[in-house]
Structure formats: structure tokens, C-alpha cells
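I opened this model to look up two things.

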Amino acid sequence: MTLEKHKIYTLKLSDSTEVVAKIVKADAFSVDIISPMSLVATQQGLQMLPSLMSGDPDKNVTINTASIMMHVEAHKDIVATYIQATTGIVTQPKTLLKG
């Protein structure tokens, strides 16, 4: 599995959860990510919510690579929304996600 450090990816997990996160490190057995956000369909459209409501957002989260079914670098609109959700910095207008 080739995931580049410091890039933001969309990960599709084996339970069909879609997670957007920045890669901290990756090897053959696990991937460490920070600030994982889940995509949730709402009446207003897709929204991004923290994947771990009770976890410390400043700590790395480890995912077993066997749980990752697909991965791709996140779309630029998703990256902009992710950055805004995790840092408060607005980088460009959102088009794919609402709220």
C-alpha cells in the first residue's frame, strides 16, 4: 500500500465507512492518520464529521491496512473542506460538501 506522508486521502474501510484524513505514516501493516473525518449524507448534502467523537483530535489514529479496501488522494474540494473542518482555515469555496 503506497500512501504518501502528509497528504490527505479518502479511505474506504471494510465496513463501508469513508474516512478523510492526513497520513502521518504508513507501512505494510498499519497506517497512522490524524484528525479522521467521516463523510455523512444529510438532507443538506454531504457533510464532514469527526470519525472519533471521544478521541483526542491531536493524537494519531492507527488503522490496520487489512481494514482499508480502497484509497485515493482526496478531491481538492474535499481537501479544502477537511482543512477548514480541522484547522478553521478557509482555502477555497466548497462545492461538493454542504455545511
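This is a predicted model: local features need pLDDT of at least 70, side-chain atom pairs count only at pLDDT 80 or more; totals for chains, interfaces and linings use all residues.

My entries on the strands and the pocket follow.

Residues are numbered from 1 along each chain as its sequence is written, and side-chain values use heavy atoms, without hydrogens and water.

**Strand β1.** I looked up β1, residues 8-13. Helices (H or I, at least four residues) and strands (E, at least two) are DSSP runs, numbered from the N terminus. Five of the six residues of β1 are buried (under 20% relative accessible area, with exposed over 50% and partly exposed in between; 1.4 Å probe, protein chains only).

**Pairing.** Strands pair if DSSP finds at least two bridges between them. I found β1 joined to β2 (residues 18-26) by five bridges, antiparallel. β1 is also joined to β6 (residues 68-73) by five bridges, antiparallel. K12 has E18 as its bridge partner in β2 and M70 in β6.

**Turn.** β1 and β2 form a hairpin with four residues between them. In the turn, S16 has a positive phi of about 80°.

What is the volume of the largest pocket? I read about 330 Å³. Of its 20 lining residues, I34, S35, P36, P57 and T86 are the closest to the centre. β3 (30-42) and α1 (76-87) are the elements that give two or more residues to the lining. α1 gives the most, with five residues.

Definitions and conventions:
On a 1 Å grid over the protein atoms alone, a cavity is a set of points where a 1.4 Å probe fits but cannot get out, and a pocket is an open set with protein on both sides within 12 Å along at least five of seven lines; lining residues have an atom within 4 Å of a point. Grid points are joined across faces, edges and corners, and a volume is the space filled by probe spheres set on the points.
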